[in-house]
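Have it open while you read, and tell me where you'd look next.

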Amino acid sequence: MQSKMFVEKLHSFTGHKDCVYTIEPCGTLPFFFSAAGDGLVVKWDLLNPDNGELIANVPNSIYALHFLFEQNLLVAGQNYEGIHLLDWQSKKEIKSLKLSAAAIFDIKSHNELLFVAGGDGLITVVHLPSWTVVATINASTKSARTLAVNPTVNELAVGYSDHSIRIFDLQTFALKQEWNAHKNSVFTLAYTNGYKTLLSGSRDAHIKAWSVEDNYQLKEDVAAHLYAINNIALSPEGKHFATGSMDKSVKIWDTHEMKLLKVVDKARHAGHGTSVNKILWLNNDELLSAGDDRVISRWRIS
């Protein structure tokens, strides 16, 4: 039974010429970034939704962006080419790094290290100050799709297209654990409950909760969507998480009880008409969702 949660659509941000694959926060409010299949990296102003500002334009699709809060810089992963370090304020590329001829599915950072997940199954570890590759983690021939960092136990969780989740040491990059987690590709991971639980979302449309303290034992398995789950995003205070799916819906969940609170879709809320690829919480009451329909929507939840 869904609770009395109220959802209001505030704005739509339009201008991308292809599927919007990722949205990323900016350290300076009220801005955020998006990137798409059109190779464009765009800065948006929440107070002026009609005018996106072009930051970079590359020849290939961009599936992954990562904002470096300490450096106030943006990393963009260009498919089949590598990563670009962007100064979003001057709209200049500072550095780039050719990694492999594979697609780049996710980028995360911890301290001075950048982790890049590739379609060739490799996790490339880049030392940010020197902008050099310091390690390559090779644990599967299938795509590495998603990354999650757990600083409390110094672990990096990686979801793969071989249906597995693998846990690596954040400093030595040694494989600590691996298991067959889903019946299909693992597309998204997120740590919740103060890093005590790892949530995974898959092409099999299930969300699973794994207990970090109990050696990643399965705690919960929820048939959450009709089709693939592309993204799990935790609210800033951690009470809720949102999922975006190929079934065109955004769903809001109670983190503690893994209970569905609200379905946001086209029929009821003028939601997305196609796959929802990425979700970004702006605060505990507002979130953004981006989809294959080339639209980014802003929602207020109460």
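1. Start with Asp 162 and Arg 166, whose side chains meet in a salt bridge at 2.9 Å, N to O. Keep in mind that this is a predicted model. Arg 166 has a relative accessibility of 6%, so with the cut-off for buried at under 20%, Arg 166 counts as buried.

2. Arg 166 also turns up around Val 158. Setting aside neighbours within four places in sequence, Val 158 is in contact with Ile 123, Ala 144, Thr 146, Leu 147, Ser 164, Ile 165, Arg 166, Phe 168 and Leu 189.

3. Val 158 belongs to the largest nonpolar core, which has 16 residues; there, Phe 115, Ile 123, Leu 156 and Val 158 touch the most other members. The strands β11 (113-118), β12 (122-127), β13 (132-138), β14 (144-150) and β15 (155-160) each put in at least two residues of this core. A separate, second core is made of 15 residues, among them Ala 35, Val 41, Leu 74 and Trp 88. As background, nonpolar side chains tend to be buried together in soluble globular proteins.

4. Back to charges: how many salt bridges does the structure hold? The count is twelve. One of them joins the side chains of Glu 155 and Lys 176, at 2.8 Å from N to O. This pair links distant parts of the chain, with Glu 155 in strand β15 and Lys 176 in strand β17 (residues 175-180), 21 residues apart. Glu 155 counts as buried because its relative accessibility is 8%, while Lys 176, at 42%, counts as partly exposed.

5. Arg 300 and Glu 286 form another salt bridge, with the closest N and O atoms 3.7 Å apart. Here too distant parts of the chain are linked: Arg 300 sits in strand β28 (residues 295-301) and Glu 286 in strand β27 (residues 286-291), 14 residues apart. Glu 286 counts as buried at 9% relative accessibility, and Arg 300 as partly exposed at 35%. Both residues are part of a network of salt bridges that links Glu 8, Glu 286, Arg 298 and Arg 300.

6. Last, have a look at strand β6 (residues 62-68). Six of its seven residues are buried, so β6 is largely enclosed by the rest of the structure. It runs antiparallel to strand β7 (residues 73-78), and six bridges join the two.

Technical notes: Residues numbered from 1 in each chain as written. Predicted model: local features only at pLDDT ≥ 70, side-chain atom pairs only at ≥ 80, totals over all residues. Heavy atoms only, no water. Buried < 20%, exposed > 50% of the residue type's maximum accessible area, 1.4 Å probe, protein only. Helix = DSSP H or I, 4+ residues; strand = E, 2+ residues; numbered from the N terminus. Pairing = 2+ DSSP bridges. Core = buried A, V, L, I, M, F, W, Y, C linked by side-chain atoms within 4.5 Å. Contact = heavy atoms within 4.5 Å. Salt bridge = Lys/Arg side-chain N within 4 Å of Asp/Glu carboxyl O.
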